[in-house]
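Here are a few friendly notes to read alongside the model. Each point takes one part of the fold, so please keep the 3D view open as you go.

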Amino acid sequence: MAPPIPEALRNVKALTFDVFGTVVDFRWTIQQELAERAREKIASPTFGSLPESPRARLEAMTDGDWATFVQEWRTSYHVFTAAFVPGKTEWKDVDAHFYDALVELLGKWGLKGIFTEDEIKEIGLVWHRLKPWNDSAAGIQRLGTRYVTSTLSNGNKSLLKDLNEHGGLGFREIISTADYGAYKPHPSTYLGAASTLGFRPEEVAMVAAHLGDLASARSNGLKTIYVERPQEEAWGVDEDRYKEAREWVDLWVAECEDGFLEVARRLGISE
């Protein structure tokens, strides 16, 4: 027998989803892409003509190094979006940021000159090709039989459309925070999404693997669904704010459970 739907979620009509880390596993996809690009470059006939120092650095890169590189790339995204002030900061979309940050990281890691500008642009677009978590597509589609499902991500719209198609995710709506000239956690993004979908904030639940995102959504009147994902939570389990979140999150799915499929089950949607 399915558990009763949490009282706080009984009037919810739409679900908005964070994407990076919540819907898609960016770490695995990007690490695999970078490692493969490195192997191809080393095996290419032009590799020997590149400067000696970056050649040696590329050959020395380990899987652990690439994992750290990916995390630094992701961290740069958080710093970039957090620093953006609507109406003051010049607009720059996430695709442009990922390209600029990649150029900077290649220099920091001693890999400047390894890849051509066209290759760097193509690598930057790996964020359009991220692999979904195993439960994502089936879970979103099942939830979409009862709720309006939509992205609510800092990714630009073309990126989100590509991820939706690439992963067969089945979102009914694609919303980017860029639609409102801001980035999460600015209030205009949560309230704008609810308005775009045609619902009151309390009729929308934010689905995310990040308690900070959910705290901001909650402060703007949205309901909250937390889905744990590996390595995604920034709040430590021993921190007071994490312990307090256990009390205010409306639905909490543990990492050992089945992600969005478990969300559907707890919301009373059968297979």
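1. In which strand does Thr-224 lie? Thr-224 belongs to strand β6; strands here are DSSP E runs of at least two residues, helices are H or I runs of at least four, and both are numbered from the N terminus. Before going on, please note that this is a predicted model, in which local features need pLDDT of at least 70 and side-chain atom pairs count only at pLDDT 80 or more, while totals for chains, interfaces and linings use all residues. Residues are numbered from 1 along each chain as its sequence is written, and side-chain values use heavy atoms, with hydrogens and water left out.

2. Is Thr-224 buried or exposed? Its relative accessible area is 0%, so Thr-224 is buried (buried means under 20% relative accessible area, exposed over 50% and partly exposed in between, with a 1.4 Å probe and protein chains only). Leaving aside neighbours within four places in sequence, Thr-224 is in contact with Met-206, Leu-214, Arg-218, Trp-248, Val-249, Asp-250 and Leu-251; contact means heavy atoms within 4.5 Å.

3. Now for the sheet around β6. Five strands form an open sheet with parallel pairing, in the order β4-β1-β5-β6-β7 (two strands pair if DSSP finds at least two bridges between them). At the edges are β4 (148–151) and β7 (251–253), each pairing on one side only. From one strand to the next, the twist averages 20 degrees.

4. Strand β5 (residues 204–208) and strand β6 (residues 223–227) pair in the parallel sense over 4 bridges, and Ala-205 has Lys-223 of β6 as its bridge partner. Between β1 and β4, which also run parallel, there are 4 bridges; here Leu-15 is partnered by Thr-149 in β4.

5. Although β4 is an edge strand, both of its faces are covered. Val-148 and Ser-150 on one side, and Thr-149 and Thr-151 on the other, are all buried.

6. Next, the helices α9 and α10. The axes of α9 (residues 211–219) and α10 (residues 240–248) come within 11 Å and cross at roughly 50 degrees; axes are lines fitted to C-alpha atoms, for helices over the stretch in contact, and angles run from 0 to 180 degrees between N-to-C directions. That angle makes α9 oblique to α10 (under 35 degrees counts as roughly parallel, over 145 as roughly antiparallel, 65 to 115 as roughly perpendicular and the rest as oblique). Leu-211, Leu-214, Ala-215 and Arg-218 of α9 make the contact with Tyr-242, Ala-245 and Trp-248 of α10. These residues divide into 6 nonpolar, no polar and 1 charged; Ala, Val, Leu, Ile, Met, Phe, Trp, Tyr, Cys and Pro count as nonpolar, Asp, Glu, Lys and Arg as charged, and the others, Gly among them, as polar.

7. Do look at Ser-219, also found in helix α9. With 60% relative accessibility, Ser-219 counts as exposed. Ser-219 and Pro-187 are 32 residues apart in sequence and 8.5 Å apart in space, C-alpha to C-alpha.

8. How do α6 and α11 lie relative to each other? Helix α6 (residues 136–143) and α11 have axes that come within 7 Å and cross at roughly 25 degrees, and the two are therefore roughly parallel to each other. Ser-136, Ala-138, Gly-139, Ile-140, Arg-142 and Leu-143 in α6 meet Phe-260, Leu-261, Val-263 and Ala-264 in α11. This contact divides into 7 nonpolar, 2 polar and 1 charged residues.
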